[in-house]
Amino acid sequence: MSQAPMPDFSSSVKLKYVKLGYQYLVNHFLSLLLIPIMAIIAVELLRMGPEEILNVWNSLHFDIVQVLCSSFLVIFISTVYFMSKPRTIYLVDYSCYKPPVTCRVPFATFMEHSRLILKDSPKSVEFQMRILERSGLGEETCLPPAIHYIPPTPTMDEARSEAQMVIFTAMDDLFKKTGLLPKDIDILIVNCSLFSPTPSLSAMVINKYKLRSNIKSFNLSGMGCSAGLISVDLARDLLQVHPNSNAVIVSTEIITPNYYKGNERAMLLPNCLFRMGSAAILMSNRRSDRWRAKYKLCHLVRTHRGADDKSYYCVYEQEDREGKIGINLSKDLMAIAGEALKANITTIGPLVLPASEQLLFLLSLIGRKIFNLKWKPYIPDFKLAFEHFCIHAGGRAVIDELQKNLQLSGEHVEASRMTLHRFGNTSSSSLWYELCYIESKGRMRRGDRVWQIAFGSGFKCNSAVWKCNRTIKTPKDGPWSDCIDRYPVFIPEVVKL
Amino acid sequence: MPRLQEEGSGPVHGFWMSTVGSARPTETGTVHQPTGLDLAMKLHYIKSVYIYSAETTRDLTVMHVKETFFTVLDQISWITGRLRRRDSGRPFIKCNDCGTRVVESQCDLTVDEWLCAPDRSVDESLVYHQPIGPELAYSPLIYIQMTRFKCGGLAIGFSWAHIIGDPHSLSHFFNLWTRALAGEQIYFPKTSDLERCFQNPNSTGKEPVSIKRVDPVGDLWVAPSNSKMTTYSFNILSGIIWKCIAKSRGEPEPVTITIIRSDPNGLKPRVVRNSQMISSVHVDFSVAEAKLEEIVKAIGKATDERSEINKIGESDDGALDFVVYGAKLTFVDMSEVGFYDAKVKDTSPRSVYCNVQGIGDDGEVVVLPAAVEEEMVVTVTLPEDEIEKVKWELKKCGLIKALINGE
């Protein structure tokens, strides 16, 4: 009886070793090839003896012109190489906003307010309760002060004051951490999808901190939850063009003006999931920042599925039957996210996957497409390419879907799940809260690679790959400092309210 | 939900509702079990108003006030929970951090103009009150109203469900708030359930008379009263009022009264609970004819009925409904309560008003400390048809100089 499980175990162990052996062989192919070559040369040299080597050397007849030309050629080629190499872009540091406790919204409070505001639509209240029970959010997520009123008071003033509160606090914290002086900022990018006043939020920042008049400022609005990585892409391109510069990115979403006041179910979903949050990031291309920077940007891949109608309409802002504006989320959202991710992986895979995985993928592709063999499509093992994953905490379903598609373990998606639990869906800044979680847990070592994946309306899937530049000590302050010891928590499938 | 106060008709208007709760989350599944004494008081509510002058509170913003409440409620988060019923029908509090309701309003008068009115029952419009129910699970136990006066003064009014605690608890809670506002570290000890029981060694074991069973009110916790109750107040001492009421009522005279005062052996440090001493006085002489000394002596011999009330409150596993204030003519002695210790910027409030909502038909008299030392404020709540006769008796004694309503 005990014999039956043994063969399975031993065969799976054998398979594991075979896999490891194959990976080592393919990934280190060139170095493995070099060993026998070096061995042969060494043997030859030893066989020849020192006098014979000197004879061979003298017979080569090097004259001064040849030597000079060859060295010029070498210097010229290396100069061209170094000049045309893209500048290394560093992420010096970043800071995430921690909302005050007065903004906390426990489940019970949210439901009670909902019942009072939507007292004429008990079915909508029931729907919200079911969403909240399964949302994966915790009891400490925060909404801005205006939304705490019954009914909410979303005036433009309140929206601006929320923007000031979240953005300025994050920026003050960033200045303190990095020692950056406001007048030294060369590039400023602010992204906030749903609140775009005049003057813009970037102008608001420039006004508050008295930034330079020749600053290159940009304000990205309407680009959804993936706008954070779009800002990073923009910063990278600008830092390639402008030498010796730094860029400050502010990613946030202002909740106040966008709280849906109607009772259409598909549009009530964002009310249940979106919460206050923001992040301020300092990026630089200066060589002097090489030592203190936390991360190096390796790759950034943007995929836009807007050409497909279904993808375009799946997150759509519109008026409901009563004329109230809200964001309509279609039922196909998960399927569309899966498609977008596949498109993104197709581009990023070759850039990051080790040769062993790429070879297997290629063989599987050849087998299926050319020879029409009935093989399952091979899903490359991204766990070999990255140590940490930051999946946009858009909702529990998104994280579940990606965990399944990429075959990730619970620990890989822990940062995303715990960020969703503690802070809710903070839109474009959620990736930074997740990165902060990993650092707060003391898991970030020098050389670790991080993959940030963000989804957004349009439908877009953007990924960024960072490499950790120095082992990061657990931060003393930050949004996770007072609660990191309680995490990870077990999040039940359904929380009984 | 119907409001028990008119909106916008008086000088107080503009009600913006929000919620404050505790700073940190309570562990899921935490509950608070009320004792029998707590359950006996469930149809009553304490209303209390603290009025501060403009110099003290002009710079105090709404956000500041709310932040301080978060700090205090963090220490005592069970009062922000909501009621549920067990299968047996016994109410308990689910500690789900739902919060207390806060109402912000404006008043068109200045603090001085407001305090001019000799009848302090106008303070009732500075308290936002809603009874618990009809849905227990969605009824806050505490309502806080913040009214900004024209001059910049502030009034903070509480409607506090008696099931949580007595007026001393409410005063202690607010005193802690003022200390937190001043920047002090505050600390609320946690009471174990055992410390909240009352064992009276002199317990006679018979039924308490200070409590009256009423018909089941279901989930809408409003004390049924057959007469419409009104409240008037004037400066006078208590005890004499019993005599006047007795004279005005004629037959049958109220020969049994309930005296409610603070527990002389009260737990230190203070916590939020129902711990006030509920005692009854029974005389077998005619109060209207008797000498004042005899009446006062009888009041001194009041018998503590708390353990009996606790037992009767527990009976039927807490599913029964009772009335305590007003079951018999009730005299509440709040003169020892530290209302004026609630100092903002080291200044006591200009005026503090406190009364009980949901009083039974026999009426209630509350004696409060006044802002001026050695003075007392008395609030009398009686059926509408009795109040005129009582006022006339009190005027006859020479104890009220001028009657209200401009007489």
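In chain B, Ile46(B) has Trp160(B) of strand E8(B) as its bridge partner. Two strands count as paired if DSSP finds at least two bridges between them. The model is predicted, so local features need pLDDT of at least 70 and side-chain atom pairs count only at pLDDT 80 or more, while totals for chains, interfaces and linings use all residues. Residues are numbered from 1 along each chain as its sequence is written, chains are lettered from A and ligands numbered from 1 in the order in which they are written, and side-chain values use heavy atoms, leaving out hydrogens and water.

Zooming out, E3 and E8 sit in an open sheet of six strands of chain B, ordered E1-E6-E7-E8-E3-E16, with mixed pairing. Strand E1 (12-20) and strand E16 (351-357) of chain B are at the edges with a single partner strand each, so one side of each has no neighbour in the sheet. On average, neighbouring strands of this sheet are turned by 15 degrees against each other, direction ignored.

Two helices lie across this sheet. Helix H3 (residues 62-75) of chain B lies across E1, strand E6 (100-107), strand E7 (142-148) and E8, at about 40 degrees to E1(B). Helix H5 (residues 167-181) of chain B lies across E3 and E8, at about 140 degrees to E8(B). Such angles run from 0 to 180 degrees between N-to-C directions, with axes being lines fitted to C-alpha atoms, for helices over the stretch in contact.

Asp341(B) is found in the loop between strand E15 (329-333) and E16 of chain B. Setting aside neighbours within four places in sequence, Asp341(B) is in contact (heavy atoms within 4.5 Å) with Asn175(B) and Thr178(B).

What about cover? Helix H6 (residues 240-249) of chain B has nine of its ten residues buried, including Trp242(B) and Lys243(B). Buried means under 20% relative accessible area, exposed over 50%, and partly exposed in between (1.4 Å probe, protein chains only). After H6(B) comes Gly250(B), with a positive phi near 70 degrees. In chain A, Ile41(A) of helix H2 is partly exposed, at 47% relative accessible area.

Conventions. Helix = DSSP H or I, 4+ residues; strand = E, 2+ residues; numbered from the N terminus.
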